[in-house]
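I opened the model today to look up a few points on its fold and its chain contacts. My entries follow in the order in which I made them.

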Amino acid sequence: MEVLKTEELTKIYGKEQNKVTALDNANLVVNQGEFAAIVGTSGSGKSTLLHMLGGLDRPTSGKVFVDGKDIFSLKDEALTIFRRRKIGFVFQSFNLVPTLNVYENIVFPIQLDGNNVDEKFVSEVIGILGLSDMQSRLPNQLSGGQQQRVAIARALAAKPAIILADEPTGNLDSKTSQDVLSLLKVTGQKFGQTIVMITHNEAIAQMADRIIRIEDGHIVKGGEPNE
Amino acid sequence: MNKVKNKKAIRRLAFRELKADRRMNIVVVLSIMLTCIMFTALTTIGGGMMNGMQQETMRQVGGNRMAGIKLVLPEDYEKVKHDAATKDLVYRIIIGNAVNTELKNVKAEFNCAGDDDAAKASFCYPSVGRLPESINETALSTVVLDELQLPHEIGTPVHISLDIDGVVTEHDLTLCGYWEGDKVAMAQICWISRAFADKYAPTPSESFYTREHRTYAGYWQVDFNYFNSWNITGKTEALLSRLYGDNTSEFPDTGINWAFSASDVEPGSIVGAIVILLVIFAAGYLIIYNIFHINISSNIRNYGLLKTIGTTAKQIRHMVRVRAAVYSAFGIPFGIVIGVLLSRLMMSSIVSILNIRSAESYSVSAELLMTMCLISAAFTFATVMISCRKPCKIAGSVSPIEALRYNETDINIKKDRKKTNKVNPFSIALGNMSRSRKKTVVVVLSLTLSLVLVNTLFTVLKGIDKDKYIRDSIVGDAMIRHTDNTNLIGDRINGVTTEAIADLQQIEGAETHPIYFTYGGVCPEGEQLEQLKKLYEKYGGDEVLAAHLEGAVSGSYTAAIYGIDADTTAYFEPIEGSIDTEKLKSGKYAIVHTYLWNSDGDSDVEIYHAGDTIKVECGDKMREYEVMAVSIIPYPLSTKVYSILETNVIVSAEEYLSLTDKPAATCAMINTSDESGRVKEQLKAYCDRQGSPLVYTDKQTYLDEFNDLLVMVKLVGGTLSGILALIGILNFINAVVTGILSRRRELAMMNAVGMTGGQLKKMLMWEGVHYAVLTAVCSAAVGALLSRTAVRGATGDMFFFSYHFTLLPILICVPVLLMLSAVIPSVSYKAICHDSIVERLREN
């Protein structure tokens, strides 16, 4: 079942001489429960694609469907709400709220939505990610790997339709990278999550079910599930 | 270590960094500008006011030299002239006073000016004509000419009756010069020529101070300046010691110009001034420190990055300083220009509103303005540099990894929070406030400072009490008393005769209340006698006191007997007992008060108390009264002459008239409901009759005089309060805006994980509200404390001040802050939303 789909997605930055086409008519389909890795060199357009998929940036043209919904038909406020319900983010730089402790960071998007926290589910996620002993710590008291695990827990906690990970291991050493990625994959499988991850590291990409290759804004390989 | 030429690279980096963050730059430059405006406005307005006040005082004193020696000889002048400490010497020769009946309302002192400078130094240089040269010439002020009812024309004949050391001579002179007289001057100086002086008041050869029979005419008054106005009294004492050695009996009398008395300030005032300066400096420091701190915090990742690529801590500190210097280079000149314009605008409005004649004395000279601007610039720059020291340190000491994780959180906050904490905009806002407690404290403190300053100023302004101010000058709507305050007591108390009172009582619409007076004696007995004996023992060592107390102990001392009517009692404030006008009328009761001028400084020694019986003799009559109240007679109603020991015995007018055969009043108090001015005109006309020694004064004259002062003080104080309040509010805006601008990335991140714009705005709004509430609470607490202690203490001695506790300015400012805390976050957030989340997330 398609959970994520793009149609002729194009993003152009700048004007006239400074015009840069970061993404050019990109078509992509991701099925429920899939773990897809988007790879490409620096400047190939993979981050731009991910940002479009998450509704963080608006495309110049084209559409993005999440769970069948054209996300750019939504206004900013509604898009934000849609994002926190349907999309979980894992950033390279963790992006935890510095004033909230680990637990509060994890349940932050749920509480923003005014929903009750599914304590059982959250505890399970926290347990799997090995964060049980550090729930009351503040982000600046954690190591990079620990912070990224919190970010993953946060992405999972709201049970989104899709998790978008932007170079989640970019700030981590190789050992921690392996650990974090394994956790991401395991939890994804366990909870049936769809994960789209961008990386420029081929070895890491190999852990994914599918590799989507992007060059100069074009998806050159892996745009369709069975490609 | 080898020196490398890296300055250029560092500077380039600093400038590039600056260019990269335009919005923040504007905020920082604005905050420096604000501080500079505050310093400039305060120094120029303060300087202008001080200058103006000093000039006004000089006019009142009648001289602009710092000090002078009185009644000296030409050789003394030479001595002073050759002393290295003095400069700008001038002299005038004392001749005598004009005693023309037309001049009863002004004191006209005839002098001979040593030269033009001498006339200029006393603000009496003819603006038309010149100083007298021949023996029959005179130069007068327009005030004297008006009193003499003479035209302002050169060549006008002037007849003067001149009292030279008690001998009155008549002179027919010709007007050779005149100038705009100054009504506030204590005396009108009139000039005559040296030839006149030599003929009628030749300079004696013997020193005034060693002469047996002291006469004044012919002696010189020598005035001069020192090189600075610091400690003029001390300098003058030193000068006398140098000139006359140890022989203090030969020391001439000196005069210190009290326009310069600010230089002889008491330690308390210096401390007060220093405290105020420190508070102002602190306000500026907090504004700038706060902004710099935020600025550095938002750039901390950059500094970490620079460190990773090999920039040293010293170089980073240098970069921050370069940045501060560039900000100052923009902020300070603008601040000075705006500050000067603001103060100019204010001073000119004060001068025009008050119609101040000597407007030029309130304007600041170009050099002074320049100095003040330089001081303000230096002060602001010093504030900037001191304020950026701490941020410099933070920037320099940050490690690359710390920098990446830096988020302004005060380290060592380790709170084990319950994991069930509800997360909402309010709680996140609260978390943000406590995340950086130092920043919160700094912002709240700086806002509090401004508000407290405003509140303090307001309390002082509100406490100025005009009724209190005139209470020592006049009682009732008008008063009539004898012209010459220095005349003999006998004359004065007979000044307002019973005939005059009868005449005044004829004037329709005027209620005349005579204050009768005569001297008598108190015959102490029993307890009172015992008390006096004790006082005699206590002060027996003091020759003068002992002499007076001796008389009292042996059975009698001075009674100042006043006779008043029922209406006058309303102006008495009993210290003991109460005043019953009916009882007073019966003639069996009296209001009393006793003075004893002793060395302890406490002159009110109550011998008689309410309920006591006082035995009073007046001429050949002896009466006994029961003391109904102890009360000081209002100063304007008194004779203003005090014995070393005396008891005021105030009885009813009827009782007074039965006591003495020669009744007379020291003055008459007049009340009137007439608003047309007719009564005033009639009273004035009565006093101005040919040969009348009576002088009319009314409440309005004093109120007008006070109003000028009041309006000026209120305008200056009000504007300063306005500036301070505005700075406080701008600082608040600054703090909130900077707080938002510096967290663009953080806000974008929250937005990315699902916090909507509305929720973010709400969170920012709550932060503003927290600041506003904290500020309100702190300001109210500190303001109340300061008001109850310092303001109350400092104004306690001001006779025209009634302390009223108020927090009104704070109460007014709080809703403004609350409103701003609702509006600013929305506006600022909108501004940062121009960039997409991704763009903001990519920022360092």
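**Entry 1: a residue pair in the sheet.** I started with A:Phe65, which stands opposite A:Asp70 in strand 5 of chain A. This is a predicted model, so I keep confidence in view throughout.

**Entry 2: the strands around that pair.** I looked up how strand 4 of chain A, residues 61-66, meets strand 5 of chain A. The two pair in the antiparallel sense, over 2 bridges. I then traced the whole sheet. It is open, has 4 strands and runs in the order 2-1-4-5 in chain A, with antiparallel pairing. Which strands form the edges? I found strand 2 (20-31) and strand 5 (69-70) of chain A there, each pairing on one side only.

**Entry 3: what packs on the sheet.** I noted helix 1 of chain A, residues 46-53, packing on the sheet. Helix 1 touches strand 1 (2-13), strand 2 and strand 4 of chain A. I wrote down its angle as well: the direction of helix 1 makes about 55 degrees with that of strand 2 of chain A.

**Entry 4: a helix pair.** Next I checked helix 3 of chain A against helix 5 of chain A, residues 144-157. Their axes come within 8 Å and cross at roughly 30 degrees. Angles under 35 degrees count as roughly parallel, and therefore I list helix 3 and helix 5 of chain A as roughly parallel to each other. I recorded the crossing of these two helices as right-handed.

Which residues of helix 5 meet helix 3 in chain A? I listed A:Val150, A:Ala153, A:Arg154 and A:Ala157. From helix 3 of chain A, the partners include A:Val102, A:Ile106, A:Phe108 and A:Ile110. By class, I have 9 nonpolar, 1 polar and 1 charged residues in this contact of helix 3 with helix 5 of chain A.

**Entry 5: the contact between chains.** I turned to chain B. Here 28 residues of chain A are in contact with 28 residues of chain B. Helix 2 (76-86) and helix 3 (102-112) of chain A each supply at least two residues of the side of chain A that touches chain B. Helix 3 of chain A gives the most to that side, with 7 residues. By class, I noted 12 nonpolar, 9 polar and 7 charged residues on the side of chain A that touches chain B.

**Entry 6: confidence.** Where is confidence lowest and where highest in chain A? I found the lowest in helix 6 of chain A, residues 174-190, at a mean of 81. The highest is in strand 4 of chain A, at 92. For chain A the mean pLDDT is 86, and 99% of its residues reach 70 or more.

How values were computed. Residues numbered from 1 in each chain as written. Chains lettered and ligands numbered in written order. Predicted model: local features only at pLDDT ≥ 70, side-chain atom pairs only at ≥ 80, totals over all residues. Contact = placed C-beta atoms within 7 Å. Nonpolar A, V, L, I, M, F, W, Y, C, P; charged D, E, K, R; others polar. Pairing = 2+ DSSP bridges. Axes fitted to C-alpha atoms, helices over the stretch in contact; angles between N-to-C directions. Parallel < 35°, antiparallel > 145°, perpendicular 65-115°, else oblique. Left-handed = near helix turned anticlockwise from the far one by under 90°. pLDDT = per-residue confidence, 0-100.
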